[in-house]
Amino acid sequence: MSASLEKGVRVLKEMIDAPIASYFNSCVHCGICAEACLFYTETGNPKYTPIHKLEPMRRLYEQEYTFLGRLAKMVGLSKPVTDAELGEWQELVYNSCTLCGRCSAVCPVGNDIAYMVRKMREGMSASGHSPDGLKGAVTRTVNIGSPMGIKLPAVKAQMKHVEADYGMTIPLDMEGAEYLVMLSSMEIINFPEYLGAIAKIMRQAGKTWTLCSEAFEATNAGMQIGNSDLARVIVKRIVDGAEKLKVKTVISPECGHAYTALRWEGANLVGKPFSFKVQHIVEVLEEFRLAGLLKTEGMETDRLTFHDPCQLARRGGVIEPQRNLLKMVAKDFHEMPDAGFMNWCCGGGGGASAIEEGEELRLEAFKRKKSQLDAVKPKRLVTACANCRIVMEEGLEHYQMNLPIVGLTEMIAEHIPDPVDSK
Amino acid sequence: MDHLQLLTWARGPGLDLSLGVLVLGVIWRLIEIYGLGRKQDLSAPRDVAGASGWNTIIRRSVPPPGMFKTSPVSYMGGYIFHIGLAIVVFLFAPHIKLVQGVLGLAWPGLPSQMVDFVTVVTMAAMIVVLFDRINKPVKRYLSTFGDWFTWALTFIPLLSGWMAVHHLLVPYTLMLAIHILSVELLLICLPFTKLFHAFTVFGSRWYNGAINGHKGVPV
Ligand code: SF4
Ligand code: SF4
């Protein structure tokens, strides 16, 4: 399947549905969405106005789905979408959009612009205009099993380490376990503490859980690049794994987009409702807390704040649980301005962090996070997404800010006392 | 054709024609847009109170936290001119009489001095948002012919109506004819220009609210 303008246009046409048609007809060019988008606010460049990122799709919509537009096209009054134009738009649709959904939360006429960008990416990738970094990540996920090229032996090595460090066995392919725990490559490589934390939490809660040798990677680069066919292949692995092991719940790791891919897009990609539940680890922890299965001791005493991953909070509806959990272990917690539903993106979501040529813009956009942090001056920053964490670590380093970042799950686990009978 | 004949045409065949185009145009456009449909969402919904299309239709009428101060002119200007327009269109006694003639429906109006005041405020707000559109880089960047055109389409009926009431510039009969004709032009253009957001705004807010409401997010 080679990419071409013709294919891109055909896919774009297929993507246009009633919501998109309604959104295009409603836009009054008020520019308010720009004020919500960190790529505009931090650069002041109007080309980063969210709705402008959809311009080729809007023209195509008019030309194909409206009477007057078709008429204009027939008499040559409207410009057809060209390959060069889509090429020019690649930067706008990928590098400068993290699908954070802030624009969708503010547009006065109600346009869900992030929804449109997600669909526009399908046409962009079909036309061949998607970033190499993402293309590579998709190929690796489909062929090798993870976007960073990690294979099962690496996961097994991780498991061994954790088993040695924590003196617990990490179950693999255990049929009938209640929970299937998914990981993101980032956690396997950069934040191995996550797996240990899960083991501790599950032991305390007395729950059965397992990893799956055929499906351990939760992130979905196919969704990020906008290729539903490949996104389906990736999600299908998890569905097959979960069904084979007969688990009740699949736990999405600390990764916002993995959560969206599994929780909201997954069933639509495979074309049928899931036979299992999907929860973000934060939701699971909150459930344990409410059921009295999560007990911590001791408190963190330094000044902390929390960065809400967009896909977990604004696009995923999980806002209070992380705060309830933080209350258990943090004494000196402070919210950043706009925290929660309107939190600002780290600048690297939606696959943007995999785009090398987007780095300069990303660091520019990070000024927004920086000013949020400057308002609170925390000693440490807590979050619940490994991708946010890496992007923010890069930003902090660039701006020479010395601020350690911790994952929420790992912080909670540190406060779980060792069982009395443990050796 | 003298002024009176023009006025008579505007009030008779002109009105019928424009109303006809409006009604058929709106129906056509609504089918064209909403007939596209959308796929059913197969993911398991999360139920949260206040997260639905209907909620968003209402909620989006007020700026989300922190947004007002980023675009005060757009928000204030937008409120004033939309509300002002609604008052002038629906609460001016002669307008109500016209509707009564067509549909047989009537409701109490506002004193004409009040409507006069609202008209002036509305026009002022429209001029301010026009300047904002020229002034603000993002708005200027986004603006197309359609934005300027629909601004004029909305402004001319207000101005001509106000001038007719005050017997300014040209004889009353002519100004009234111009007023009615400009409204008719507005009605004819409404389904096919940006003005159609007057209808789709409800659909758009509803979809946004419903799609995100499925995820338990009250947007
Ligand atoms: S905020 Fe909404 S109406 Fe305003 S320019 Fe953006 S998309 Fe259009
Ligand atoms: S989703 Fe976020 S990054 Fe993308 S255009 Fe909207 S505000 Fe900007």
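How many bridges join strand β1 of chain A to β2(A), and do the two run parallel or antiparallel? In this predicted model, two bridges join β1(A), residues 179–181, to β2(A), and the strands run parallel.

## The sheet of chain A

The bridged pair belongs to an open sheet of four strands in chain A, ordered β2-β1-β3-β4, with parallel pairing. The edge positions are taken by β2 (209–210) and β4 (277–280) of chain A; each has a single partner strand, so one side of each has no neighbour in the sheet.

Two helices of chain A can be described by the strands they touch. Helix α15(A), residues 228–245, packs on the sheet and touches β1, β2 and β3 (249–252) of chain A. The direction of α15(A) makes about 145 degrees with that of β1(A).

Helix α17(A), residues 281–290, also packs on the sheet, where it touches β1, β3 and β4 of chain A. Its direction makes about 90 degrees with that of β4(A).

## Chain B

Chain B contains nine helices and zero strands. Its pattern along the sequence is accordingly written α-α-α-α-α-α-α-α-α. Along the principal axes, the C-alpha atoms of chain B fill a box of roughly 65 × 35 × 35 Å.

## The interface between A and B

In the contact between the chains, 55 residues of chain A meet 50 residues of chain B. The area buried between them is about 4200 Å², and carbon and sulfur atoms give 58% of this. Asn25(A), His29(A) and Trp264(A) supply 15% of the area that chain A buries against chain B, more than any other three residues.

Two salt bridges are counted between chain A and chain B. Lys136(B) forms a salt bridge with Glu35(A), and their closest N and O atoms are 3.7 Å apart.

## Composition of the chain A side

On the side of chain A that touches chain B, the elements giving two or more residues are α2 (18–26), α3 (32–36), α5 (55–65), α6 (67–74), α8 (102–106) and α16 (256–270) of chain A. The largest share, seven residues, comes from α2(A). By residue class, this side of chain A divides into 31 nonpolar, 15 polar and nine charged residues.

Methods
Residues numbered from 1 in each chain as written. Chains lettered and ligands numbered in written order. Predicted model: local features only at pLDDT ≥ 70, side-chain atom pairs only at ≥ 80, totals over all residues. Heavy atoms only, no water. Contact = heavy atoms within 4.5 Å. Buried area = accessible area lost by both parts, 1.4 Å probe. Salt bridge = Lys/Arg side-chain N within 4 Å of Asp/Glu carboxyl O. Nonpolar A, V, L, I, M, F, W, Y, C, P; charged D, E, K, R; others polar. Pairing = 2+ DSSP bridges. Axes fitted to C-alpha atoms, helices over the stretch in contact; angles between N-to-C directions.
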